[in-house]
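This report considers how two chains meet and which local features stand out within each of them. The sequence and structure are shown below.

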Amino acid sequence: MTMLPIEPTKKLGLVIDLDICVGCHACAVNCKEWNTGGYGNSLSDQEPFGADPAGTWLNRIHSFEAVPFDDAGQPAPQDARIVHFPKSCLHCDDAPCVTVCPTGASYKRSEDGIVLVNEDACIGCGLCAWACAYGAREMDAEAGVMKKCTLCVDRIYNENLPEEDRQPACVRSCPANARHFGDLADPSSDVSKMVAKRGGVDLMPEQGNRPVNKYLPPRPKSGTHACGSGQSDQVSLLKMAETPQAAGFVGWLDKALSKLD
Amino acid sequence: MHPAKSVIFFTTISGAGFGLIALLALTAGMGHISWDKSWELAAVGLGLSISGLISSVFHLGNPQRAWRAFTQWQSSWLSREGVLAVITCGLFGLWVLAGMAGYVLPNMLGYVVAGLCVLTVFATAMIYAQLRPVPRWHTWLTPASYLGFSLSSGMLLMVMLHPHYNGMAGGALGCLAIAWTVKVLWWMRAAKADVRSGGSDTATATGLAGYADVRLFEKPHMTKNYLMKEMVFAVGRKHMQKLRLIALVLGAAAPAAFLGFSLIAGGNVLVMVFAVAAHLAGLFVERWLFFAEAEHVVSLYYGR
């Protein structure tokens, strides 16, 4: 049924910490590994050892160059940093990928808000992938059906797994602990608290999809310019480099060489 | 967006078919034609609509399950399009068959069928116009232009099948003018409706809006993927202006010239066949561009 359910009371989703992600792609690899043998059709590869390999992935990590704004709202190039950005299905509350589906294959679960594809009913028209602003859905070239993140629905409720493994493969494998799983409708859950404390954000809120997954923005780096945070006790590395206040031998050398000017 | 040949053929040919069916149904509704004498006109309309619908099935990953697409009309424009197309063709076909068998059904049916044709073409266009991530499509001008071209191609087919009614040729010229005016308006809006026009940019896409200036540093992979092939398609935009000119020459100027020639010659079927062929060729180019020049916000994750 491709009508959206009334607001689910439970909203399972991910919180991804952009401050911590190191861009190792372990989550994507483990996602591919688990989901190629788990729910539905396998995640096929085309010409995996050929000249032009391609394949289906449910989670991909992009890397961006971010130049944070300073207190005046101007980009501060000295604070430039890489932000690694993992992207998978956000399990949106107003998921357009669900309502555009002509067959009822694409659906959102009323019990926990997970967006899934019933692959036996999918005709592979691709319209849901077009409706998704985030590129979370990929058509499998082998099976001809749409693949997407299942939030590892076959792990999180799986009583055959030890309790610590009952979370999505990407969360379980993250070596930096940048990915968290939980109920974002419950304000007392760890993920909700994390979002409240760190100011978690929606991706492309202007698209009106109301994503469940949240991203935690990078924090200002300690010891550098306080990018937009208003923390004035931090030291500017740039200023230190320009006006060295070295002590001891280096301080003497600095003074001695300065006299030669 | 990736321009799939089957979808280009489907939207143009079934659009022309439904345009012709609507005009035939109206003509029959007004009592000017009866199906026992003019069934072959109806067969042309149904043939075009149905062949377009069948071709749309070829771009599916699992066409054997296509029947399932009739189930979700409550929420899905694609499903509504399928349901409306089958109802329209079915009702029109039954009306024609009844007429051929000598049963006279109420002429009111003509207006019902014409209305259903309009709804079907509208639903086809809404499959694209509903997509907020594709700013060039997300406008009422998209259904307006689909309906305009359905009318113009249907009208040219009517003239081809009835070359001796000079009044209709004038009507066809008017429809061509209306359809291409709407399309030019669509193109003018498209010039402003780039991928960032909906307020999305790389910063909102990554959740870093207000925090930093953001640009892509590294893609997730070295080779192409499904998303890039489907939605970051950029070949069409390179030759956009040339292709628009080709679409206008084939789709507007040529059929108008053929129409004028046919009018002077007092109605000529062969000339009108050329007019229809040129118009449809122009629409193929126009429709190819409709897909190729549409940008999807997902390209913001790929360095657009």
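## Basis of the description

A residue is called buried when its relative accessible area is under 20%, exposed when that area is over 50%, and partly exposed in between. The model discussed here is predicted.

By this scale E111(A) is partly exposed, because its relative accessible area is 46%. The side chain of E111(A) forms a salt bridge with that of R109(A), at 3.7 Å from N to O. R109(A) itself is buried, with a relative accessible area of 16%.

## The interface between chains A and B

The size of an interface is often given as the accessible area lost when the parts come together. For chain A and chain B the buried area is about 4,900 Å², and carbon and sulfur atoms give 60% of that area. Three residues, F64(A), I123(A) and W130(A), supply 17% of the area that chain A buries against chain B, more than any other three residues. The contact involves 60 residues from chain A and 60 residues from chain B.

Across this interface there are 29 residue pairs in polar contact, counted where both residues have pLDDT 80 or more. On chain A, the elements β4 (60-68), β5 (81-87), α3 (127-131) and β8 (138-139) each supply at least two residues of the side that touches chain B. The most comes from β4(A), with 9 residues. By class, the side of chain A that touches chain B comprises 37 nonpolar, 12 polar and 11 charged residues.

## Strand β4 of chain A and its partners

Strand β4(A) is joined to strand β1 of chain B (residues 212-218) by 6 bridges, and the two run antiparallel. Within this pairing, A66(A) stands opposite V214(B). The interface of chain A and chain B holds 1 salt bridge. In that salt bridge the side chains of E65(A) and R215(B) meet at 2.9 Å from N to O.

Within chain A, 7 bridges join β4(A) to β5(A), again in an antiparallel arrangement. Here R60(A) stands opposite K87(A) in β5(A). Strand β5(A) is largely enclosed by the rest of the structure, because 6 of its 7 residues are buried.

Side chains of opposite charge can pair when their charged atoms come close. Over all chains the count comes to 22 salt bridges. The pair that crosses between chains runs from E65(A) in strand β4 of chain A to R215(B) in strand β1 of chain B.

In chain B, the side chains of R304(B) and E295(B) form a salt bridge at 2.1 Å from N to O. R304(B) is partly exposed at a relative accessible area of 40%, whereas E295(B) is buried at 4%. In chain A, salt bridges that share partners link E7(A), K11(A), D93(A), D94(A), K108(A) and R210(A) into one network.

## Local features in loops

Although E47(A) is not a glycine, it has a positive phi of about 50°. E47(A) is located in the loop between β2 (45-46) and β3 (54-55) of chain A. C152(A), also not a glycine, has a positive phi of about 50°. C152(A) is placed in the loop between β9 (146-147) and α4 (153-156) of chain A, and it is buried, with a relative accessible area of 6%.

In chain B, T139(B) lies in the loop between α4 (108-129) and α5 (141-161). T139(B) counts as buried because its relative accessibility is 9%. Leaving aside residues up to four places away in sequence, T139(B) touches A129(B), W186(B) and R189(B).

Note on methods
Residues numbered from 1 in each chain as written. Chains lettered and ligands numbered in written order. Predicted model: local features only at pLDDT ≥ 70, side-chain atom pairs only at ≥ 80, totals over all residues. Heavy atoms only, no water. Contact = heavy atoms within 4.5 Å. Buried area = accessible area lost by both parts, 1.4 Å probe. Salt bridge = Lys/Arg side-chain N within 4 Å of Asp/Glu carboxyl O. Polar contact = N/O pair within 3.5 Å; in protein donor to acceptor, adjacent residues only side chain to side chain. Helix = DSSP H or I, 4+ residues; strand = E, 2+ residues; numbered from the N terminus. Nonpolar A, V, L, I, M, F, W, Y, C, P; charged D, E, K, R; others polar. Pairing = 2+ DSSP bridges. Buried < 20%, exposed > 50% of the residue type's maximum accessible area, 1.4 Å probe, protein only.
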